[in-house]
Structures are given as C-alpha cells and as structure tokens.
Amino acid sequence: MKRLKVKNDFIFQRIFGRKENKDILISFLNAIMELSDKNLLEDIEIIENTKLEKDRMEDKQGIVDVLAKTVAGVQITIEIQLINQYNMDKRTLFYWAKLFSDQLGEGRPFNDLKKTITINILDFDYVGISDYHTVFHLWEDSHKDYKLTDVLEIHFVELSKFKKVQPDFKKPIDRWLLFLEDSPKEVLEMAIREEPAIEKAEKVLEYLGTNEEMVRFYELREKQIHDEITRITGTKLEIARKMKSKGIDDNTISEVTGLTLEELKDLQTN
C-alpha cells in the first residue's frame, strides 16, 4: 500500500484536526511552538468546523486546516500550503485578524481578547530568511527587544528549506517535519522512537490509506493541486516570454516569476 502524502491538506486535517487525535495535535503544537517544561500544552479543544464566519454576505470566507483553543483561551490555527500564490503574508494576517476579532461579542471589553497564533506550513520558500522556522510578533522598530503585545504570533515553517538541512532528532520540530515529508522508513522509525505521538499519527495515516472513500477524496485533492500548479506555471511562463521579448535579463525574470534560471534557459530554446 502506497503511503498517502501527509502534506495533502485533506489528509493533514484528518490527522491533526479531529477530536479523536487530540494527543497528536498537542504533541505537534508543542514541537512547532518549541514549548517545554511548565509551558507544555497538556490539553486543547479542537474545533472541527474550520470555516471562519463572515460578517457580511460580501465578506471573503476563510477556511483553515486546523483550528484549536487552549485551556487558557489562546486560539491556534494551522494552514498547510503547497502552492506559492505570493500572498501568504496578507493571507495569514487576514485569517489572524478574523479569528482575533471574532472573539469579541457585543458589549464585551477589549481586554477579553485572547492571544491568537497562526502556523503556516509551506512547501515552498517564502520568507526572506534562511531559517526553515520563523516566528513573528509586534516589535518596536527602534527597540527590537520591546514587544507591544503578545496577542499576535505568526509562524512560518518552510518545508523546502527544511529538506536542505540535516535533521536533528533531538529537536521535536524536526521529528514532526520528517513525518510530514515522505521520509525513508528507517528515518521515520528513528523519529517514532523519540516521539510516540508520531507512531499514532502514522497509524492514522495507514488507516486512511485503507479507506476507499478517504483515498478517493485524497486523489481528488491531489488532482486539484496538480491542476492549480499547472495553471500557475503556465501563467509564469507566459509572463516570462513577454519579459524576454522586451529584452529583460533572466535574473530579473527569475526574481519576478519565481522560475529558475534553468527553466528560463529551456524557455529560450523553445
């Protein structure tokens, strides 16, 4: 039986976003947020309806892959994105703002607003920093160690960068990212030995692979992802051709379109 891709957002949600898998999500969040000792999450409420409510009919509907709330009321969302649509900064702020503001019912004071954390797992490079895991807060420009408030926390986990480094099995985040990737069996077994929750997650994944309905939804989602990648690539190539016709150099075209210099070279000979 072929191992299903955990990065498929349908499968990801089935593993991490279901109430019966709460212990898997807790382990994953402790790893991503690098929590330890007394700060470790021990319990969490998983909210299976991940559609963000609209205030007006014309408002944009938001859907996140995983939505949860801690005992202290902190909201945490996870979204996995395989395709770079060049809008993740604005997209994540939109989702963060929606979740943050939706907490406040009529007549309630602003002090009731709880911290909201968004975690973006990307299968492409986006943040202009070499680290595969970056975390953003509200810091003062001239005094970098002064945080205005802790209510905003945004994580970017870039799998494309993680794949370029040697994983450290002592780091919980590395162990979980090896699970997300199609890691060799012996590598995955090493991660499982260090993180028992990964073994349960792998068993959930194996079960999903034996369920005909789940596999059908998985394959439909894979086709949608492939079609979207094809569409975006076609648009990039068309833009690149137009830029080439105007005499723009390949380095600039690569920077604008995201196409590699090798892809542009091939384009030149076609």
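Biologist: Is glutamate 153 buried or exposed?

Modeller: Ground rules: this is a predicted model, where local features need pLDDT of at least 70, side-chain atom pairs count only at pLDDT 80 or more, and totals for chains, interfaces and linings use all residues. Residues are numbered from 1 along each chain as its sequence is written, and side-chain values use heavy atoms, leaving out hydrogens and water. We call a residue buried under 20% relative accessible area, exposed over 50% and partly exposed in between (1.4 Å probe, protein chains only). Glutamate 153 has a relative accessibility of 9%, so it counts as buried.

Biologist: Which side chain meets glutamate 153 in a salt bridge?

Modeller: A salt bridge here needs a side-chain nitrogen of Lys or Arg within 4 Å of a carboxyl oxygen of Asp or Glu. The pair links distant parts of the chain, 38 residues apart: glutamate 153 sits in strand 8, its partner in the loop between helix 3 (88-102) and strand 6 (116-122). Helices (H or I, at least four residues) and strands (E, at least two) are DSSP runs counted from the N terminus. At 2.8 Å from N to O, the partner is lysine 115.

Biologist: How many salt bridges does the structure hold?

Modeller: Take glutamate 158 and lysine 161 as one example, with their closest N and O atoms 3.0 Å apart; both residues are buried. Another pairs glutamate 238 with arginine 241 at 3.8 Å. The total for the structure is 21.

Biologist: Where do glutamate 238 and arginine 241 lie?

Modeller: Glutamate 238 is partly exposed at 39% relative accessibility, and arginine 241 is partly exposed too, at 41%. They are 3 residues apart, about one turn of the helix, and both belong to helix 8 (residues 212-245).

Biologist: How many residues are in the largest nonpolar core?

Modeller: In soluble globular proteins, nonpolar side chains tend to be buried together. A nonpolar core here is a set of buried Ala, Val, Leu, Ile, Met, Phe, Trp, Tyr and Cys residues joined through side-chain atoms within 4.5 Å. Phe12, Ile121 and Trp176 are among those with the most contacts inside the largest one, which has a residue count of 50.

Biologist: Which helix gives that core its largest share?

Modeller: The share is 7 residues, and it comes from helix 2 (residues 22-32).

A second, separate core of 10 residues includes Met88, Trp96, Val127 and Ile154, but the helix you asked about is helix 2.

Biologist: How many residues of helix 1 are buried?

Modeller: Helix 1 covers residues 9-16, and its N-terminal end is capped by asparagine 8, with a side-chain oxygen 2.9 Å from the backbone nitrogen of phenylalanine 10. Its buried residues include Phe12, Ile15 and Phe16. Helix 1 is mostly covered, with a buried count of 7 of 8.

Biologist: What is the phi of glutamate 34?

Modeller: Most residues other than glycine have a negative phi. Glutamate 34 is in the loop between helix 2 and strand 1 (44-46), and it is exposed, with a relative accessible area of 52%. Aspartate 37 is in that loop as well, with a positive phi near 50°. Glutamate 34 also has a positive phi, of about 55°.

Biologist: Which residues form a nonpolar patch on the surface?

Modeller: Patch residues have over 30% relative accessible area and no salt bridge; like charges are joined within 9 Å, nonpolar side chains (Val, Leu, Ile, Met, Phe, Trp, Tyr) within 5 Å. Areas come from the Shrake-Rupley method with a 1.4 Å probe, and for residues only the protein chains shown count as cover. Leucine 148, in strand 8 (residues 147-158), is exposed at 62%. With about 320 Å² of accessible area together, the patch is made of Leu138, Tyr146 and Leu148.

Definitions and conventions
A polar contact is a pair of N or O atoms within 3.5 Å; within protein, one must be able to donate a hydrogen and the other to accept it, and residues adjacent in sequence count only if both atoms are side-chain atoms.
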